[in-house]
Amino acid sequence: LPASPTHLPTDAPSRLHKSATHHATPTLSSAMPILSSLRNSLPVPDDVLLIIAQWLGTLSPYGPPKYLPALLGTSKHIYNALCFANAPSLYDHIFSTLFDYRAAYRRLGVRTTRSRNRAMQLKKVCSTLTRIRNGDIFAPTLEADLWTGFIMLTENDGKNYTHLQWVGLDRFAESVVVHRLWEDRDRHHGWPAERTFNSLAIWILFMMLDAGACTMPVHGVRLL
């Protein structure tokens, strides 16, 4: 027959309490292997990562996709899934969302719609915008950057101009005109040298001028 309560050992309640406590509340160290195995067995699918990256890449409306590098630096798996070499469709999506692309298609045809070509264009444009925003008019990339800015203006359908205005391309061109247009004029009978970056700076400056800016002094000198 089962023992009656009067025949239980005097320390039975304390032993039962310790046993119940031991099984009900596992320690953090004992739970860590379980959490680690769950984390390793449930990676984020690549298609979900792509959606997250597309959202982060277009979150900032101006300039390069500044929030995307933080995601790429999260882990090796995420970097390999979303890096420039392995995911050109991601950077194609970012370029098509943030910049104008229809003018290039009208001018150059179907080759401009390929993901890898648009990804390369995004990389080129973002590098140019960063350098223009830094404002170094003596950089060795000056002529190339002015060419890119000029082409973006000619292909503008609304988005390109917003980026160029945000980085200050008009002020950048003004600085080139004021500080570099008259370089070596003593070798050209007092006239500005016929240099490509001089021509590009003047074209960009006047393409971005409006009626109010034409009468506003620039560095103490009126443009018109």
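Which residues in α9 meet which residues in α11? L142, L146, G149 and L153 of α9 meet L169, F172, V176 and R180 of α11. The legends below show this pair and its surroundings. The model is predicted: local features need pLDDT of at least 70 and side-chain atom pairs count only at pLDDT 80 or more, while totals for chains, interfaces and linings use all residues. Residues are numbered from 1 along each chain as its sequence is written, and side-chain values use heavy atoms, with hydrogens and water left out.

View 1. Helices here are DSSP runs (H or I, at least four residues), numbered from the N terminus. The 13 residues of α9 should span 18 Å at 1.5 Å a residue, and the end C-alpha atoms are 18 Å apart, which agrees; the expected span is 1.5 Å times one less than the number of residues. Buried residues (under 20% relative accessible area, 1.4 Å probe, protein chains only) of α9 are L142, D145, L146, T148, G149, F150, M152 and L153. Their cover includes α8, α10, α11 and α12 (196-207), where contact means heavy atoms within 4.5 Å.

**View 2. The crossing of α9 and α11.** The two axes come within 12 Å and cross at roughly 135°. Axes are lines fitted to C-alpha atoms over the stretch in contact, and angles run from 0 to 180 degrees between N-to-C directions. The crossing is left-handed, a term for a near helix turned anticlockwise from the far one by less than a right angle.

**View 3. The packing of α9 on α12.** The axes of α9 and α12 are 9 Å apart, at an angle of about 35°. This crossing is left-handed. On the α9 side the contact is made by L142, E143, L146, W147, G149, F150, L153 and T154; on the α12 side it is made by T196, F197, L200, A201, W203, I204 and M207.

**View 4. R180 of α11.** R180 is found in helix α11 and is buried, with a relative accessible area of 13%. A polar atom of the R180 side chain lies 2.9 Å from the backbone oxygen of I137. Neighbours within four places in sequence aside, R180 is in contact with I137, F138, L142, S175, F197 and N198.

**View 5. Helix α8.** Among the buried residues of α8 are R118, L122, V125 and I132. The buried residues pack against α6 (88-98), α9 (142-154), α10 (159-167) and α11 (169-180).

Terms used. Buried < 20%, exposed > 50% of the residue type's maximum accessible area, 1.4 Å probe, protein only. Helix = DSSP H or I, 4+ residues; strand = E, 2+ residues; numbered from the N terminus. Polar contact = N/O pair within 3.5 Å; in protein donor to acceptor, adjacent residues only side chain to side chain.
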